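Please read this briefing with the sequence and the structure side by side. The points below are grouped by topic.

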Amino acid sequence: MTTPEAEPEQGGAPRPEERLEQAVRAAEQALIEYEIALETFRVEVENFSRLHEQRLGPVYARLEELEAQILEARAARTGDAEDRRRADEARAALLPIPGVEELLNGWMDGDGLFPEAAAMLTDQAVRPPQRVRPGEEARRLYRELARKAHPDLAQEEDERVRREEFITRVNAAYARGDEAQLRELAEEWAAGPVPERRPSRGEELYARLEWLDRRKEMLTLLAKELEESAIGAMLRLAPDDPDRLLEEIAEQLATQVREREAELAAARGQD
């Protein structure tokens, strides 16, 4: 978003900054109302999802169990290999996988397989981390920078933070033995911190409007995900009486259970 040139004041017309402030306040209020509506809907979806699971979860589980039993009875009657495969797959889908945590412990984390595990699975040798011994010049530059930029030399908190961030980069370069990078860091420290230019009031207001716009886009995506979710779609079918919708679904599932029970009895050759 580009900042337009300031307009000349005419009579009692508000200054550009005043109009921007009004636009920001209006956008902030609109965003607040949108967030309230979105959070209200999110809570409704969450509550309905919980009720749906409590009320209908056991019925869905019963239907899945009946389906597995029907396939097993069919396979026992026909002796067909394909029927047995389908029955085994249906039963396996209902059973938990034993020892998953124990199997994966030490093999992977939230980012995926550890390098050692990946190497074992791909028959690749596990390569140890490369050891670097910094040269004499790198050691000299490091000691010099550490003495000059040590965080304990800071008088103010902002300066301490700047020094800590800088020393972190120095340590990383020294660990790699990167003499060229250490020289660049020495030049950077000698040049001193770059003076910070404070934005004008107009720039601050435009930046605020851009942030509000990005926030609205993010919330719109969240709202779309909620609306298009299975529970959100169900809730939209009966926004005024979701309990009645649950009852209707429960009645339909009960009918399906009775049909599956009759099918199972027939598959087992029962009267």
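F166 and W189 are both buried. Their ring centres lie 5.0 Å apart and their planes meet at 40°, so the pair is tilted. F166 belongs to helix 6 and W189 to helix 7 (residues 179-191), so this pair ties together parts that are 23 residues apart in sequence. The model described here is a predicted one.

**Aromatic pairs**

- The structure holds 2 aromatic pairs.
- One of them is formed by Y142 and Y174, and this pair is stacked, with 4.2 Å from centre to centre and 15° between the planes.
- Y142 sits in helix 5 (residues 136-149) and Y174 in helix 6 (residues 157-176), so the pair ties together parts that are 32 residues apart in sequence.
- Y142 has a relative accessible area of 23% and is partly exposed.
- Y174 also counts as partly exposed, with a relative accessibility of 22%.
- As background, two numbers describe a pair of aromatic rings: the distance of the centres and the angle of the planes.

**Nonpolar cores**

- The largest nonpolar core has 32 residues. The members that touch the most other members are V45, F48, L56, M234, L245, I249 and L253.
- At least two residues of this core come from each of helix 1, helix 8 (201-228), helix 9 (230-237) and helix 10 (242-267).
- Helix 1 gives the most to this core, namely 13 residues.
- Another core, of 11 residues, lies apart from the largest one; A149, F166, V170 and L185 are among its members.
- Which residues does I249 contact, leaving aside its neighbours within four places in sequence? They are L56, Y60 and M234.

**Helix 2**

- Helix 2 covers residues 81-94, which makes 14 residues. At 1.5 Å a residue it should span 20 Å, and its end C-alpha atoms are 20 Å apart, so the two values agree.
- The expected span is 1.5 Å times one less than the number of residues, because that is how the span is defined.
- D83, A87 and A90 are the buried residues of helix 2.
- Seen down the axis of helix 2, these buried residues fall within an arc of 65°, so they line one face of the helix.
- In an α-helix there are 3.6 residues a turn, so residues three or four places apart point the same way.
- The buried residues of helix 2 pack against helix 1 (16-78).
- A81 and A93 are exposed, on the other side of helix 2.
- At the start of helix 2, a side-chain oxygen of D80 comes to within 2.9 Å of the backbone nitrogen of E82.

**Two residues of helix 1**

- Q69 is part of helix 1.
- Is Q69 buried or exposed? Its relative accessibility is 16%, so Q69 counts as buried, given that buried means under 20%.
- The side chains of Q69 and E65 make a polar contact at 2.7 Å.
- Not counting residues up to four places away in sequence, Q69 touches R91, L264 and R268.
- A23 is also found in helix 1.
- With a relative accessible area of 33%, A23 is partly exposed.
- A23 and L205 are 182 residues apart along the chain, and their C-alpha atoms are separated by 9.0 Å.

How values were computed. Residues are numbered from 1 along each chain as its sequence is written. This is a predicted model: local features need pLDDT of at least 70, side-chain atom pairs count only at pLDDT 80 or more; totals for chains, interfaces and linings use all residues. Side-chain values use heavy atoms; hydrogens and water are left out. Helices (H or I, at least four residues) and strands (E, at least two) are DSSP runs, numbered from the N terminus. Buried means under 20% relative accessible area, exposed over 50%, partly exposed in between (1.4 Å probe, protein chains only). The arc is that of the directions from the helix axis to the C-beta atoms. Contact means heavy atoms within 4.5 Å. A polar contact is a pair of N or O atoms within 3.5 Å; within protein, one must be able to donate a hydrogen and the other to accept it, and residues adjacent in sequence count only if both atoms are side-chain atoms. A nonpolar core is a set of buried Ala, Val, Leu, Ile, Met, Phe, Trp, Tyr and Cys residues joined through side-chain atoms within 4.5 Å. Rings of Phe, Tyr and Trp (its six-membered ring) pair if their centres lie within 6.5 Å; planes under 30 degrees apart count as stacked, over 60 as edge-to-face and the rest as tilted.
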